[in-house]
Amino acid sequence: MAARSTSHTSRTSGTGARTASAGAPASAAGSRAGIIGDTALALLFERGMRGLTHRAVDAAAGLPQGSTSNLARTRQALLETAVRRLAEREAAVLAPEELPAPGDGREALLDGLARALHRYLTRHRELLVARYELALEAVRRPELRAFYDNAGARFREPLNAMMAAAGSADPERHALSLVAWCEGLMFSCAAGSYHRALPGEEELRTGFDELLRGMLGPGPSCQG
């Protein structure tokens, strides 16, 4: 499963926030909305939620004052811009459409899952930290909660289909278990006590194998 990310030249100001990051999809990164979204995510990573303001985005992105307000007039609109951009970039990193076809078997699925997660953990820590900032803010803002959930729904159906193809008798429940395992591991490695001990791709593959065996039983290639 090849990475779909594209590197972009970073532009910085005195704030240190970047207008575009490695891994940002090319189709959006060069647009005004893409630049503002990428800069918002970089500010969330570097300064947290309090550091994300319209004025800070303009300064960090090297845009004329008022540019961010013209695109996202309210605080809610700015947060939605960040969430939308996060979903676009996560889709490019995780690339669920690049997972093996159902007929390719459990081994190919394990390889694809391990590669995608390893790519996220080792190359996109900024996205992970920004993601947690937005997720926590959504807990306190019902209007952002709905938008955040809708943006993440694009990943739910492919996961359910993947678990059904893998032989799950309860794809939605097993997809939730898979997501919960990945979420816990990502948080531990991005912001928790394992941030200095990132697992290798083979370790992740073993973890996925153990998880799927527990939920689905041994795959056909494991039966003897």
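Visitor: Which helix gives the most to the lining of the largest pocket?
Guide: Bear in mind that this is a predicted model. Helices that each supply at least two residues of that lining are α5, α6, α7, α8, α9 and α10. With eight residues, the one that gives the most is α10.

Visitor: And what is the volume of the largest pocket?
Guide: The lining of this pocket counts 31 residues, and R131, F155, L159, V179 and E183 lie nearest the centre. The volume of the largest pocket comes to about 870 Å³.

Visitor: By class, how many residues in that lining are nonpolar?
Guide: Let's set the other classes aside before giving the count. Two lining residues are polar and six are charged. The nonpolar ones number 23.

Visitor: How many aromatic pairs does a search of the whole structure find, and of which kind is the pair of Y132 and F187?
Guide: The search finds two aromatic pairs. For Y132 and F187, the ring centres are 5.2 Å apart and the planes meet at 70°. Planes over 60 degrees apart fall into one class, so the pair of Y132 and F187 is edge-to-face.

Visitor: How many residues apart are Y132 and F187?
Guide: Y132 sits in helix α7 and F187 in helix α10. The pair therefore links distant parts of the chain, with a separation of 55 residues.

Visitor: Turning to R85, with which side chain does its own side chain make a polar contact?
Guide: R85 is found in helix α5. Its relative accessibility is 2%, so R85 counts as buried. At 2.9 Å, the side chain of R85 makes a polar contact with the side chain of D38.

Visitor: Is D38 in α2 buried or exposed?
Guide: Residues of α2 that are buried include G34, I35, I36 and G37. The list goes on with T39, A40 and L41, among others, and D38 is on it too: buried.

Visitor: How far apart are the end C-alpha atoms of helix α2?
Guide: Helix α2 covers residues 32-47, which is 16 residues. At 1.5 Å a residue the helix should span 22 Å, and the model agrees: the end C-alpha atoms are 22 Å apart.

Note on methods
Residues are numbered from 1 along each chain as its sequence is written. This is a predicted model: local features need pLDDT of at least 70, side-chain atom pairs count only at pLDDT 80 or more; totals for chains, interfaces and linings use all residues. Side-chain values use heavy atoms; hydrogens and water are left out. On a 1 Å grid over the protein atoms alone, a cavity is a set of points where a 1.4 Å probe fits but cannot get out, and a pocket is an open set with protein on both sides within 12 Å along at least five of seven lines; lining residues have an atom within 4 Å of a point. Grid points are joined across faces, edges and corners, and a volume is the space filled by probe spheres set on the points. Helices (H or I, at least four residues) and strands (E, at least two) are DSSP runs, numbered from the N terminus. Ala, Val, Leu, Ile, Met, Phe, Trp, Tyr, Cys and Pro count as nonpolar, Asp, Glu, Lys and Arg as charged, and the others, Gly among them, as polar. Buried means under 20% relative accessible area, exposed over 50%, partly exposed in between (1.4 Å probe, protein chains only). A polar contact is a pair of N or O atoms within 3.5 Å; within protein, one must be able to donate a hydrogen and the other to accept it, and residues adjacent in sequence count only if both atoms are side-chain atoms. Rings of Phe, Tyr and Trp (its six-membered ring) pair if their centres lie within 6.5 Å; planes under 30 degrees apart count as stacked, over 60 as edge-to-face and the rest as tilted. The expected span of a helix is 1.5 Å times one less than its number of residues.
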